[in-house]
Amino acid sequence: MGEHSTEKLFSQNSIWIIFLTVSIMAPIVEEVLFRGPLVYFRNSPYFKYAFYTSVLLFGIVHIFNFEGDAQLYYYTPLLIAPQLITGIFLGYIRVKLRLKWSILFHATFNTVLIGPVMLLKILNIPME
């Protein structure tokens, strides 16, 4: 499928830069950008469209994490399926509990995903 952007992130940066980028900055920026505007559609007849558009955009943006040739795009639905599902959950949390909770959940989710790799990096254990 090509190289994933996290491979470069882990090979070229310190554990603190990785944590700051993945667990703090990305959740804040992505939640404000993709789910922040949902508040404006909450009582609108267009809420459903706004909600699923935010989910789709969130998923589509994550395809750019992959580097590969044109064939990569045939697999786009499979590659972004986790982000689409996560986007639905984060959107639900955003609508029901507010933006700060979707940011916190997103940060926790990302930290759990990168936690094992960060631990290997801290312990200086090769990942290959």
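Reader: Which helices are included in what covers the buried residues of α3?

Author: Happy to start there, with the reminder that this is a predicted model. The buried residues of α3 are Ala50, Phe51, Ser54, Val55, Phe58 and Gly59. Their cover includes α2 (15–35), α4 (76–97) and α5 (99–122).

Reader: What is the reach of helix α3 from its first C-alpha to its last?

Author: Helix α3 covers residues 47–61, which makes 15 residues. At 1.5 Å a residue, 21 Å is expected, and the helix comes close to that. Its reach from first C-alpha to last is 21 Å.

Reader: Thanks! How many helices and how many strands are there in the protein?

Author: Going from the N terminus, the elements run α-α-α-α-α. The C-alpha atoms fill a box of roughly 50 × 35 × 15 Å along the principal axes. The count is 5 helices and 0 strands.

Reader: What kind of aromatic pair do Phe34 and Phe58 form?

Author: This is one of 4 aromatic pairs in the structure. The ring centres of Phe34 and Phe58 are 5.7 Å apart, with 75° between the planes. Planes over 60 degrees apart count as edge-to-face, so the Phe34 and Phe58 pair is edge-to-face.

Reader: Which helices hold Phe34 and Phe58?

Author: The two residues are 24 apart in sequence, so their pair ties together separate parts of the chain. Phe34 lies in helix α2 and Phe58 in helix α3.

Reader: Is Phe58 buried or exposed?

Author: Buried means under 20% relative accessible area. Phe58 has a relative accessible area of 2%, so the answer is buried.

Reader: And why does the pair of Phe105 and Phe109 count as stacked?

Author: Both residues lie in helix α5, 4 residues apart, about one turn of the helix. Planes under 30 degrees apart count as stacked. The ring centres of Phe105 and Phe109 are 6.5 Å apart, and the pair is stacked because the planes are at 15°.

Reader: One last thing: how far apart are the mean positions of the positive and negative charges?

Author: Good one to finish on! The protein has 9 positive and 7 negative charges.

Terms used
Residues numbered from 1 in each chain as written. Predicted model: local features only at pLDDT ≥ 70, side-chain atom pairs only at ≥ 80, totals over all residues. Heavy atoms only, no water. Lys, Arg positive; Asp, Glu negative; His and termini not counted. Charge placed at Lys NZ, Arg CZ, Asp CG, Glu CD. Expected span 1.5 Å × (residues − 1). Buried < 20%, exposed > 50% of the residue type's maximum accessible area, 1.4 Å probe, protein only. Contact = heavy atoms within 4.5 Å. Phe/Tyr/Trp six-rings, centres within 6.5 Å; stacked < 30°, edge-to-face > 60°.
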